[in-house]
Amino acid sequence: MGSNKLKAEREELQQRISALERQNEMLVQHIETMEQEHKEERTKFNEYIDKIQRYFPYVEKLLPLIDFCRNTLKFSERVVQELCKLKKVRLKGDFYSPEFNRKFHDESAAFSFEEDKNRKGHYHICVNDIPLVQWFRQKANEWRDGLGIASARQDKGLKI
């Protein structure tokens, strides 16, 4: 009786091993198929990226500006898309400056992405044809003047 029971268990285990080996072969084939599909998709993606970099070389330089416009200035997708076409976009409203930690209001600000004249291939955000940082500083000075506060000194030279 003991040997029949062992034979049955052995046969059952061998069937289980065979089933697991078939399942393993199927999984290996599935993995190989997925790897091939992934390789093809990666090739297509790399070709796509190469085209973008060839025909739109400035796009990589615009990505930080896009993030700043979306996350800090809270511009809509439509506005960012227009800026990416290197068009001027007129906006009115309150615009946040991280440098001054406050918003500044403007009724007709013309935002644009402009190539930096000093560094070819680099871009910065301009408002009314001046760099954004300078525009915010101008707005801060106007705000201070409106409150009757003396402008912050830009000269940080040594005093003797």
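A salt bridge here is a side-chain nitrogen of Lys or Arg within 4 Å of a carboxyl oxygen of Asp or Glu. By that rule the chain holds eight salt bridges. The model is predicted: local features need pLDDT of at least 70, side-chain atom pairs count only at pLDDT 80 or more, and totals for chains, interfaces and linings use all residues. Residues are numbered from 1 along each chain as its sequence is written, and side-chain values use heavy atoms, without hydrogens and water.

Start with the whole chain. Colour by secondary structure, taken as DSSP runs numbered from the N terminus: helices are H or I, at least four residues, and strands are E, at least two. The C-alpha atoms fill a box of roughly 105 × 40 × 40 Å along the principal axes.

Next, select Asp-106 and Lys-139. Their closest N and O atoms are 3.0 Å apart, in a salt bridge. Asp-106 sits in strand β2 (residues 102-115) and Lys-139 in helix α4 (residues 132-147), so the pair ties together parts 33 residues apart in sequence. Both residues are buried (under 20% relative accessible area; exposed is over 50%, partly exposed in between; 1.4 Å probe, protein chains only).

Move to Glu-115. Its side chain meets that of Lys-120 in a salt bridge (4.0 Å, N to O). Glu-115 is partly exposed at 30% relative accessibility; Lys-120 is exposed at 74%. Then select Glu-82, Lys-85 and Lys-87: salt bridges with shared partners join them into one network. Within it, Glu-82 pairs with Lys-85 at 3.2 Å between the closest N and O atoms. Glu-82 is partly exposed, at 22% relative accessibility.
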